[in-house]
Amino acid sequence: MFARTLKSVAAQGAKNFSTSGQNNVKVAVCGASGGIGQPLSLLLKNSPLVTELSLYDIVHTPGVAADLSHIETRSKVTGYNGPENLEKALAGADIVIIPAGVPRKPGMTRDDLFNTNASIVRDLAAGCAKACPKALIGIISNPVNSTVPIACDTLAKAGVLDPKRVFGVSTLDIVRANAFIGEASGVDPQKVNIPVIGGHSGVTIIPVLSQATPSVSFPQDKIAALTERIQEAGTEVVKAKAGAGSATLSMAYAGARFALALARAMNGEKNVIECAYVRSDVTEATYFSTPLLLGKNGLEKNLGLPKLNAYEQELLKKAIPELKKNIQKGEEFVKKN
């Protein structure tokens, strides 16, 4: 049953994908020994889209790689420990997914993680600049609103920034919105699609329920309650785990979904669309998440803001000042460090 479940996740990631003309895709996971990194690597190992999986972390990575290498799929797995091996781990990577960093504990905001995770993302981005400057980079490490600007400015300092290749993985917000709205409306969540725009924390998360597919109709108080639940879903998990960590399994699923969307687009599949947090001129915030058309070189076309109703426009007004503050914090970190 477990194997069938994993295969269905991999199949979903590879849906509409023709194996004819398939290219080899090497994916590097930085932070592969952690609570997100291990299940994320498991899902990637199980996908026919991934031919090589390179795992990097500070400790235990060769053991995680050895464990995964026993799984009966074709992707080759290698593990690398420590900063001295970072460039080896990243060499030749087509896609780099970064879940590295410390998780939230009860009472902590994503911003409380900043000081530790900012340095980690900066160092990993610097490694990418040297070892795989053309890779598509997906950043999971929180606070994403700040760590994506850190990665972009670090790559810019090294002279290799292509903003179309750097993504903040906000997919978990979409996955949660689909799950919660599916449950509330009695529809299979896998058939629900909700665009979620803005950023990846608190009020910056803007679920555009008015553009749900299939369309949904709730009273305004229910919409407000569902919106708040989607915005605070990470805290819901932190509290439920009572000190044992934050969202790891759902984030691994969402991270794999986004990584495999990049792989599908890289292999030439058409009309691959995902929301992600990127350098943007769609709003006055210089980074913003909107639906994106993905292509062989990353971001092919920013599809811009979905149509917003009056309630969603108010959410956008609340989000922009917070986003600008988060972005500035990331940019100032790179200037000072």
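Before you click anything, one term: a residue is called buried under 20% relative accessible area, exposed over 50%, and partly exposed in between, using a 1.4 Å probe and protein chains only. Keep in mind that this is a predicted model, where local features need pLDDT of at least 70, side-chain atom pairs count only at pLDDT 80 or more, and totals for chains, interfaces and linings use all residues. Residues are numbered from 1 along each chain as its sequence is written, and side-chain values use heavy atoms, with hydrogens and water left out.

Start by selecting His60. You'll find His60 in the loop between strand E2 (52-57) and helix H3 (61-69); helices (H or I, at least four residues) and strands (E, at least two) are DSSP runs, numbered from the N terminus. Check the backbone here: His60 isn't a glycine, yet its phi is positive, about 70°. With 58% relative accessibility, His60 counts as exposed.

Next, go to Asn142 and Pro143 and look at the bond joining them. That peptide bond is cis, with omega near -5°. Pro143 itself sits in the loop between strand E5 (136-139) and helix H6 (144-157).

Now jump to Thr213 and Pro214. The peptide bond from Thr213 to Pro214 is cis too, with omega near -10°. To get your bearings, show strand E8 (205-207) and helix H8 (220-231): Pro214 is in the loop between them.

Last stop: Asn271. Is Asn271 buried or exposed? Its relative accessible area is 59%, so Asn271 is exposed. The loop holding Asn271 runs between helix H10 (249-266) and strand E9 (272-279). Asn271 is not a glycine, but its phi is positive, at about 60°.
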